[in-house]
Amino acid sequence: MTAIGVQAHKLLGPKRPHRSFFESFIRTLIIVCTALAVVLSSVSICDGHWLLVEDRLFGLWYFCTMGNHSQPHCLRDLSQAHVPGLAVGMGLARSVAAMAVVAAIFGLEMLIVSQVCEDVRSRRKWAIGSYLLLVAFILSSGGLLTFIILLKSQISLLGFTLMFWCEFTASFLLFLNAMSGLHINSLTQPWEPPAGTLAYRKRGRDGTSLI
């Protein structure tokens with residue numbers, strides 16, 4: 001393909017139809033809410049203190065006891081909490097929750113790439129990103145349920161800390177964004193360049209002079 005052919009293709013080639021404002025707004029909102037979910041989940045897991053029961057604080061990483069007018073005494077050995085299976089279960093909960101964040105980050109990346117680099121594969125990239133968010137939701141919910149099941153005898157609704165509710169909110173946002181992303185993708189029609197354009201590109205790749 002000659003330089004003149006490249007310029008002619010840019011000027012005369014078909015362009016992707018512009019999206020409506022509403023569709024662009026919804027897709028941008030999904031991306032922003034997904035980024036918020038990633039931040040909330042990351043902060044919640046790093047802090048890890050999810051349940052306060054009287055003078056005991058249960059977390060993903062530590063078990064803490066608090067006395068009167070004294071600093072919390074935290075232990076990495078969760079078996080000291082004297083809750084059956086807590087050490088092994090928390091290891092599973094940590095791993096599942098961390099994998100949820102990783103899946104959400106990759107999903108967010110696919111959503112952003114699909115909007116920045118718009119081509120015939122944009123809808124597929126968006127769908128992959130949405131499915132990754134759904135996987136992240138399943139993993140995040142698994143981590144929450146594991147934590148709740150392990151400490152079911154200790155749980156009270158008012159005992160859950162802010163960090164637990166951050167993880168709960170992040171899990172809900174991941175589900176909402178995944179479902180919204182798949183739904184809006186099903187409502188839009190795929191864009192395919194005309195057959196003449198495909199032949200034009202094929203000739204260019206074969207090195208045939210177009211002008």
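This report walks through the sheet, the disulfide, the nonpolar cores and the annotated segments of the model above.

The model is a predicted one, so to speak of local features we need pLDDT of at least 70, and side-chain atom pairs count only at pLDDT 80 or more, while totals for chains, interfaces and linings use all residues. Residues are numbered from 1 along each chain as its sequence is written, and side-chain values use heavy atoms, with hydrogens and water left out.

**The sheet**

Let's begin with the strands. Four of them make an open, antiparallel sheet in the order S1-S2-S3-S4. Strands here are DSSP runs of E with at least two residues, helices are runs of H or I with at least four residues, and both are numbered from the N terminus. Two strands count as paired if DSSP finds at least two bridges between them. Strand S1 (49–53) and strand S4 (73–75) each have a single partner strand and stand at the edges, so one side of each is left without a neighbour in the sheet. From one strand to the next, the twist averages 20°; angles run from 0 to 180 degrees between N-to-C directions, with axes fitted as lines to C-alpha atoms, for helices over the stretch in contact.

| Pair | Bridges |
|---|---|
| S1 and S2 (residues 56–59) | four bridges |
| S2 and S3 | three bridges |
| S3 (residues 63–65) and S4 | three bridges |

S1 and S2 form a hairpin with two residues between them, and Glu 54 in the turn has a positive phi of about 55°. Across this pair, His 49 has Gly 59 in S2 as its bridge partner. S2 and S3 also form a hairpin, with three residues between them, and Arg 56 stands opposite Thr 65 in S3.

**The disulfide**

What does a search of the whole structure find in the way of disulfides? It finds one disulfide, a term that requires a pair of cysteine sulfur atoms within 2.5 Å. The link joins Cys 64 and Cys 74, with sulfur atoms 2.0 Å apart. It is right-handed, with 105° about the S-S bond. Cys 64 lies in strand S3 and Cys 74 in strand S4, so the pair ties together parts that are ten residues apart in sequence. The two cysteines are also bridge partners in the sheet.

Are these cysteines buried or exposed? Cys 64 counts as buried at 1% relative accessibility, whereas Cys 74 is partly exposed at 35%. Elsewhere, Cys 46 is exposed at 64% and Cys 166 is buried at 15%. Buried means under 20% relative accessible area, exposed over 50%, and partly exposed in between (1.4 Å probe, protein chains only).

**The nonpolar cores**

The largest nonpolar core has 23 residues, and those with the most contacts inside it are Phe 58, Leu 86, Met 90, Phe 147 and Leu 151. Such a core is a set of buried Ala, Val, Leu, Ile, Met, Phe, Trp, Tyr and Cys residues joined through side-chain atoms within 4.5 Å. S1, helix H3 (86–116), helix H4 (122–150) and helix H5 (162–187) each supply at least two residues of this core, and H3 gives the most, with five residues. Leaving aside neighbours within four places in sequence, Leu 86 is in contact (heavy atoms within 4.5 Å) with Phe 58, Leu 78, Ala 81, Leu 150 and Leu 151. A second, separate core of 16 residues includes Ile 31, Val 38, Trp 126 and Leu 133.

**Annotated segments**

The unreviewed UniProt entry gives the annotation "transmembrane region" to residues 25–52, 92–114, 126–151 and 157–176. Over residues 92–114 the chain is 100% helix and 0% strand, while residues 25–52 are 82% helix and 14% strand.

How values were computed. UniProt positions renumbered as here; feature names shortened; annotations may be inferred.
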